[in-house]
Amino acid sequence: MLPLPEGSWWDWEVRSYDGSRLTLAAGHDLSYHHGLEVVFTDTLYVRCPTHFMDPEFRAPTPGERAEVARLVGAEPPVLVAFEADGGGTEPAVCLIAAEDWAIRQGRFPR
């Protein structure tokens, strides 16, 4: 699971993604700034909407682990799973696999 610091992190978006480095921005309202960034480096697999709300991070299931290992060739060092409101009728089931990750907290203007 993703250990997030205390805060109002219900609004999320993909801030940037260059095929290797994925940055997710979070805050209580992303209109003017955000207070949290989760940065995944050497990203291997991404399945999530570009904007989502109220993610519930959890441990990946054995089936999700097997799916990602089959797709990328081995079990990745970092595998994050969560469900979130992606704007559809059902919660989006999301997976992110990467070599490493970091959390940055501060005031990031838009």
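Q: Hi! Which residues does threonine 50 touch, not counting residues up to four places away in sequence?
A: Threonine 50 touches Trp12, Glu13 and Val14, where contact means heavy atoms within 4.5 Å. One note before we go on: this is a predicted model, where local features need pLDDT of at least 70 and side-chain atom pairs count only at pLDDT 80 or more, while totals for chains, interfaces and linings use all residues. Residues are numbered from 1 along each chain as its sequence is written, and side-chain values use heavy atoms, with hydrogens and water left out.

Q: Thanks. Where does threonine 50 lie, and is threonine 50 buried or exposed?
A: Threonine 50 lies in the loop between E3 and E4. Threonine 50 is exposed, with a relative accessible area of 59%. Buried means under 20% relative accessible area, exposed over 50%, and partly exposed in between (1.4 Å probe, protein chains only). Helices (H or I, at least four residues) and strands (E, at least two) are DSSP runs, numbered from the N terminus.

Q: What do the strands form?
A: A closed barrel of six strands, in the order E1-E2-E3-E6-E5-E4 and with antiparallel pairing. Two strands pair if DSSP finds at least two bridges between them. From one strand to the next, the twist averages 50 degrees; axes are lines fitted to C-alpha atoms, for helices over the stretch in contact, and angles run from 0 to 180 degrees between N-to-C directions.

Q: How many bridges join E1 to E4?
A: Three bridges join strand E1 (residues 11-17) to E4, and the two run antiparallel. Aspartate 11 stands opposite methionine 53 in E4.

Q: And the helix, what does H1 lie across?
A: Helix H1 (residues 62-72) lies across E3, E4, E5 and E6, and runs at about 60 degrees to E3.

Q: Let's go inside. Which residues touch the most other members of the largest nonpolar core?
A: Trp12, Leu24, Val38, Phe40, Phe52, Val80 and Phe82, out of 19 residues in that core. A nonpolar core is a set of buried Ala, Val, Leu, Ile, Met, Phe, Trp, Tyr and Cys residues joined through side-chain atoms within 4.5 Å. Strands E2 (22-27), E3 (33-47), E4, E5 (78-85) and E6 (92-109) are the elements that give two or more residues to this core. The largest share, four residues, comes from E5. There is also a second, separate core of six residues, including Tyr45, Val68, Leu95 and Ala97.

Q: What does phenylalanine 82 touch, not counting residues up to four places away in sequence?
A: Phenylalanine 82 touches Cys48, Phe52, Pro55, Glu56, Phe57, Ala92, Val93, Cys94 and Ile96.

Q: Switching to arginine 58: buried or exposed?
A: Arginine 58 counts as buried, at 18% relative accessibility. Arginine 58 is found in strand E4 (residues 51-58).

Q: What does the side chain of arginine 58 make a polar contact with?
A: The side chain of glutamate 64, at 2.7 Å. A polar contact is a pair of N or O atoms within 3.5 Å; within protein, one must be able to donate a hydrogen and the other to accept it, and residues adjacent in sequence count only if both atoms are side-chain atoms.
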